[in-house]
Amino acid sequence: MKKLVFLTGAGMSAESGISTFRDAGGLWEKYPVQQVASIEGYYRDPELVITFYNQRRKQLLECLPNEGHRIVAEMEKWFDTTVVTQNIDNLHEKAGSSHVIHLHGELMKATSSRNPNDSRCITTLPEERPFIKIGDKAADGSQLRPFIVWFGESVPMMEPAIEKAMEADIFVVIGTSLNVYPAAGLLNYVRPTAKLYLIDPKPASAVSASNIHIIKKGAGEGMKELRQLLTEEI
Ligand code: APR
């Protein structure tokens with residue numbers, strides 16, 4: 001089976017009702033990213049940050065995977081498929097994708113504030129009580145915090161993601177402005193012989209590479225067109 005790798009961003013979940021970051025009306029217009037999505041912001045006001053992610057977790061539980069998520073999952077029928085996502089939602093998994101690498105963490109998980117990547121401290125929050133509050137403790141006794149990679153923190157899942165990108169026969173970027181590194185740098189590891197596709201209604205200017213096939217559509221419609229293109233060649 002050919003190896004198919006996706007790199008998805010907030011646009012992947014836009015049709016599920018989750019707002020993007022940098023589109024008009026995006027999340028960062030309402031909440032300054034330094035305040036709610038950086039390690040400095042967490043140290044400055046942990047309660048504000050914990051509340052921000054409690055609100056996003058509550059919103060996520062009202063959202064469902066969209067057509068785009070479902071077709072990405074369906075590609076496992078024809079390809080050895082890996083999804084590398086910048087998204088912290090679990091909609092790829094809920095749609096049935098079985099190999100998902102989260103570069104920026106997972107909203108439904110919580111961890112130690114002393115050592116966020118200590119696997120013994122990473123827990124999944126129950127859907128019936130998807131909240132963290134000041135005073136909740138991780139397994140190491142430190143304050144429980146969201147299992148999110150904040151600006152200013154390392155991105156440990158970049159290693160496995162790079163390995164997958166280097167092996168890809170087909171690499172598909174969906175719904176990301178490619179503004180944030182190291183995630184956006186993943187494109188540089190894709191072999192020149194691999195086929196490159198981009199699905200985005202407003203493709204990022206960063207993607208000037210002439211060898212990329214741009215599908216100027218939303219995730220759902222774009223994945224319908226891509227499924228047609230990729231399965232014709234099987
Ligand atoms: N379908 C596909 N793409 C869409 C759709 C849609 N329905 N709607 C918007 N888009 C595209 C936009 O055109 C834009 O290119 O999704 C992209 C969203 O870009 P951003 O809001 O910058 O989101 P993203 O690229 O995922 O941000 C990367 O930045 O803030 C941090 O950690 C956060 O993971 C996030 C990272």
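1. Let me start with a threonine. Thr-81 touches Leu-4, Phe-6, Val-72, Met-75, Glu-76 and His-99, leaving out residues up to four places away in sequence; contact here means heavy atoms within 4.5 Å. Thr-81 lies in strand β2 and is buried, with a relative accessible area of 3%. The term buried stands for under 20% relative accessible area, exposed for over 50% and partly exposed for values in between (1.4 Å probe, protein chains only). The side chain of Thr-81 reaches the backbone oxygen of Met-75 at 3.4 Å, and a polar atom of that side chain lies 3.0 Å from the backbone oxygen of Phe-79. A polar contact is a pair of N or O atoms within 3.5 Å; within protein, one must be able to donate a hydrogen and the other to accept it, and residues adjacent in sequence count only if both atoms are side-chain atoms.

2. A word on the model before going on. It is predicted: local features need pLDDT of at least 70 and side-chain atom pairs count only at pLDDT 80 or more, while totals for chains, interfaces and linings use all residues. Residues are numbered from 1 along each chain as its sequence is written, and side-chain values use heavy atoms, with hydrogens and water left out.

3. Next, the strands beside β2. Strand β1 (residues 3-8) has 5 of its 6 residues buried, so it is largely enclosed by the rest of the structure. Helices (H or I, at least four residues) and strands (E, at least two) are DSSP runs, numbered from the N terminus. β1 pairs in the parallel sense with β2 (residues 80-85) over 6 bridges, and Lys-3 stands opposite Asp-80 in β2. β1 also pairs in the parallel sense with β7 (residues 170-174), over 5 bridges; there, Val-5 has Phe-171 as its bridge partner. Two strands pair if DSSP finds at least two bridges between them.

4. Which residues of helix α6 (residues 67-74) are buried? They are Gly-68, His-69, Ile-71, Val-72 and Ala-73. Their cover includes β1, α1 (10-14), β2, α7 (91-95), β7 and α9 (219-232). At the start of α6, the backbone nitrogen of Gly-68 has a side-chain oxygen of Asn-66 within 2.7 Å.

5. The whole structure holds 6 aromatic pairs. The ring centres of Tyr-42 and Trp-150 are 5.0 Å apart and their planes are at 25 degrees, so this pair is stacked. Rings of Phe, Tyr and Trp (its six-membered ring) pair if their centres lie within 6.5 Å; planes under 30 degrees apart count as stacked, over 60 as edge-to-face and the rest as tilted. Tyr-42 lies in helix α4 (residues 39-44) and Trp-150 in the loop between β6 (144-148) and α8 (158-167), so the pair ties together parts that are 108 residues apart in sequence. Tyr-42 and Trp-150 are both buried. Ring pairs link Tyr-31, Tyr-42, Tyr-43, Phe-52, Tyr-53 and Trp-150 into a cluster. Arg-145 lies over the face of Tyr-42, at 6.0 Å from the ring centre; the test for a charge over a ring is NZ of Lys or CZ of Arg within 6 Å of the ring centre and within 35 degrees of the ring normal.

6. Another threonine deserves a look. Thr-111, in strand β4 (residues 105-112), is buried, with a relative accessible area of 0%. Its side chain reaches the backbone oxygen of Pro-116 at 2.7 Å. Leaving aside neighbours within four places in sequence, the residues in contact with Thr-111 include Pro-116, Asp-118, Cys-121, Ile-122 and Arg-145.

7. Now the ligand. It is surrounded by 22 residues, and the closest are Arg-22, Trp-28, Thr-176, Ser-177 and Asp-200; a residue counts as near if one of its heavy atoms lies within 4 Å. A nitrogen atom of the ligand lies 3.3 Å from a backbone N or O atom of Gly-11.

8. Finally, some backbone details to check. A cis peptide bond joins Tyr-181 and Pro-182, with omega about 10 degrees, and Pro-182 lies in the loop between β7 and β8 (195-199). Leu-178 is found in the loop between β7 and β8; although not a glycine, Leu-178 has a positive phi of about 55 degrees. Leu-178 is buried, with a relative accessible area of 8%.
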